[in-house]
Structures are given as structure tokens and as C-alpha cells.
Amino acid sequence: MPGTPNYTGLNEHSHDLPAKAAVLLVNLGTPDAPTAAAVRPYLAEFLGDPRVIEYPRLLWKLILHGIILRIRPKRSAHAYERIWTAEGSPLRVGSEALAASLGAELARRRPGPVSVALAMRYGKPSVAATIARLQRERVRRLLVLPLYPQYSATSTGSVFDAVADTMKGLRWPPELRQVNDYHDNPAYIAALAASVRAHWETHGRGEKLLMSFHGIPERYTRAGDPYYCQCHATARLLREALGLSEDEAIFSFQSRVGRERWLHPYTDETVRALGAKGIKRLDVISPGFAVDCLETLEEIAMQNAEFFREAGGETLSYIPCLNSEPAHVDALADLVLKHTQGWPEFDPAYDAAAEAVKLAAARERARKAGAGA
């Protein structure tokens with residue numbers, strides 16, 4: 001009938017295959033190529049998200065399409081080109097490796113049918129397309145794990161929006177759980193600390209450790225966003241884990257855009273000030289990023305390293321993200337198992353043979369009832 005909602009789903013319910021559970025990892029996203037043509041639609045989707053830019057929609061649309069998307073794609077494409085690899089975008093490649101490693105670890109720890117899928121909030125593969133694929137694979141329980149340790153409405157909140165929008169269109173949505181944040185998770189903090197120590201053992205130790213988090217406008221915090229407090233907590237816990245003083249381990253916020261005041265102190269101003277004060281070697285880690293990306297590889301390891309040298313410093317040593325390191329995979333696996341308690345696929349006693357017997361009985365009952373299953 002005209003005007004009738006169209007809910008997507010499978011044409012028939014099958015009694016032949018067991019239901020599955022899945023973990024959906026979601027990262028920010030990346031353009032398909034380091035070109036202005038590829039960057040433009042990616043930026044349009046990203047900067048067009050009202051969670052990211054909280055301006056009046058009509059005004060922002062005019063600014064975005066009339067000014068920003070005419071200028072920024074070329075500049076951003078150049079930045080992406082500096083870090084692009086033969087395999088493609090570092091964020092995509094690294095996120096795929098993390099998803100694969102997490103899937104293998106969960107398979108090792110739990111006997112049930114559990115899969116790990118990766119989606120990008122902006123770009124491909126989209127959240128909607130990935131959830132549709134999982135539905136076809138008979139996923140009936142879904143844990144959404146945004147790869148943002150600290151919650152912000154601009155990141156994790158936007159992922160939840162995308163998931164909710166997708167669920168609204170499904171005829172039979174799966175049971176859903178979502179991880180809000182893991183900024184103070186002990187295993188995550190321990191993995192960060194171990195990565196710093198390993199870097200020091202290989203490359204030597206700088207005079208200070210700078211923990212650089214992605215910034216957001218200050219007014220978002222005043223409106224109730226917990227991001228600033230959670231970044232403080234992560235920085236404090238990492239500092240304590242490493243046995244450093246507040247003077248030895250400091251933190252800042254990077255990637256600000258526009259003239260509005262963002263969270264302070266700013267990373268670029270901080271590295272310049274440290275170089276000007278006579279600090280010669282500076283170690284920098286970005287604890288808010290799970291996988292290395294443009295903001296870490298180009299903005300920190302290249303741009304800010306140059307700012308540091310220009311101000312009088314000698315070496316800015318970037319400590320990579322956790323990526324698919326075993327300690328990171330273990331921490332995420334622990335987090336997944338914590339949030340999936342009670343789901344049969346994550347039960348250590350899951351019995352595939354017993355499940356097959358149940359399915360056979362259900363199939364026979366359906367056949368007798370005339371379902372043709």
C-alpha cells in the first residue's frame with residue numbers, strides 16, 4: 001500500500017542454521033583514496049553530521065558547501081597522501097587487522113558462533129551495510145563497540161545514532177548492546193603503559209611524555225559531554241601506571257578547526273612551548289585513538305614534530321597507537337566478554353552438538369506445522 005513503511009528483513013525464517021552473535025567494531029572512517037575527489041564526499045558526510053558540528057543546520061550547510069568543501073578537500077588529500085600505504089588507508093588497514101585479531105581471540109576463548117565485523121561511521125563499509133550483512137548471516141545478538149576509548153557525542157554518540165537509524169528499518173532487529181566507553185578500563189590502561197615502556201626500551205626515553213587527545217569545542221563540555229573528564233581520567237591513570245609526575249607526563253588536545261575555542265591546552269601550542277623552553281626530546285602518545293590514522297601519523301608524527309623542531313626542540317618521538325598489538329586485542333576481548341554475559345554464544349559451556357539437536361527438532365516441528373522448513 002502506498003505510504004506503508006518498508007522494513008527490510010529475510011524473506012523466510014530458516015530452522016536449519018543456528019543463530020549467531022557478533023561484535024561490531026566501528027571506527028571513524030577514511031576516504032577511498034588520497035585525492036580531493038575522494039576526500040570531498042567523505043568530508044561532506046563527516047562534517048555534515050549534526051553530532052560533529054552543532055550549528056544551525058541551514059547556516060552550517062551554507063558554510064560547509066559554500067566554503068569548506070571548496071577548499072579543504074585538496075589540503076586534506078595532500079595530508080592523506082603523506083601517510084597512504086601500498087595497502088591503502090592506515091586507519092582502514094589497521095582497523096581490519098584489529099577486527100581479525102579480535103575475532104581470532106574470541107574464537108579461542110569461546111566455542112559459540114561469534115563473528116567480529118568492522119564498519120566505518122563515515123565512508124565504507126557503512127554501519128547500515130554491515131548490519132544488513134550480519135542480519136543475512138543470522139546474527140541475532142549484536143554488541144556495538146566504537147573504537148573510541150573516551151565517550152563524546154561527536155564520536156561514540158554519532159555511532160549510536162547510525163546504529164539506531166539502521167535498526168529502525170529492520171523488520172526483526174537483533175538484540176542490541178553497546179559499549180559506551182572504556183577510558184578507565186584497567187587492561188586498556190595497562191596496554192597503553194606497556195606500549196610506552198616498549199617504545200622507551202627501543203628508542204630511549206624523552207624528557208617529557210605528552211598525551212595528546214582529539215579536541216572538541218569547549219561548549220560541548222559545558223552542555224554535558226563527559227569527554228573532557230574522561231580524557232583527564234585516562235591521562236591520570238596512564239601517568240600513575242608509568243610512575244610519572246604531573247610535570248613529567250602532561251596532556252593536550254589536537255585537531256581543532258575554526259575560530260571557536262576548543263579544549264585546552266592545544267597540542268600544537270604545547271609542543272612549540274616545550275621546544276622554546278629547552279626541551280630537546282619529547283615523547284608523544286595519542287591515547288584517544290585505537291588505530292593509527294591521519295591525526296596521529298600526519299598531524300602528530302609529521303606536523304607537530306616540525307613545530308617542535310622549529311621552536312628549538314630536536315626530536316619528537318611518536319609512540320604508535322595500540323593497533324592490533326596482542327595487549328590491545330586482549331583488552332578488547334575482556335571488554336567484549338564483560339558486555340556479553342548471558343548471551344548463549346558467549347557461554348563457555350556452549351555445546352554445538354546440543355544446539356544442532358535442538359535445531360533438528362525445531363525443523364521437524366516446523367515441517368509438521370506446514371512451514372516447509
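Reply: Start with a definition: buried means under 20% relative accessible area, exposed over 50%, and partly exposed in between (1.4 Å probe, protein chains only). This is a predicted model, where local features need pLDDT of at least 70, side-chain atom pairs count only at pLDDT 80 or more, and totals for chains, interfaces and linings use all residues. Residues are numbered from 1 along each chain as its sequence is written, and side-chain values use heavy atoms, leaving out hydrogens and water.

Me: Is Glu 218 buried or exposed?

Reply: Glu 218 has a relative accessible area of 19%. The cut-off for buried is under 20%. So Glu 218 is buried.

Me: Which residue forms a salt bridge with Glu 218?

Reply: A salt bridge needs a side-chain nitrogen of Lys or Arg within 4 Å of a carboxyl oxygen of Asp or Glu. Here the closest N and O atoms are 2.9 Å apart. The partner of Glu 218 is Arg 261.

Me: Is Lys 168 buried or exposed?

Reply: Lys 168 forms a salt bridge with Asp 165 (3.5 Å, N to O). At 49%, Asp 165 is partly exposed. Lys 168 has a relative accessible area of 59%, so Lys 168 is exposed.

Me: What is the N to O distance in the salt bridge of Asp 330 and Arg 109?

Reply: Asp 330 is partly exposed at 32%, and Arg 109 is partly exposed at 23%. Both belong to a salt-bridge network that also includes Glu 105, Arg 108 and Asp 334. The side chains of Asp 330 and Arg 109 meet at 3.7 Å.

Me: How many salt bridges are there by this rule?

Reply: Side chains of opposite charge can pair when their charged atoms come close. By the salt-bridge rule, the count is 24.
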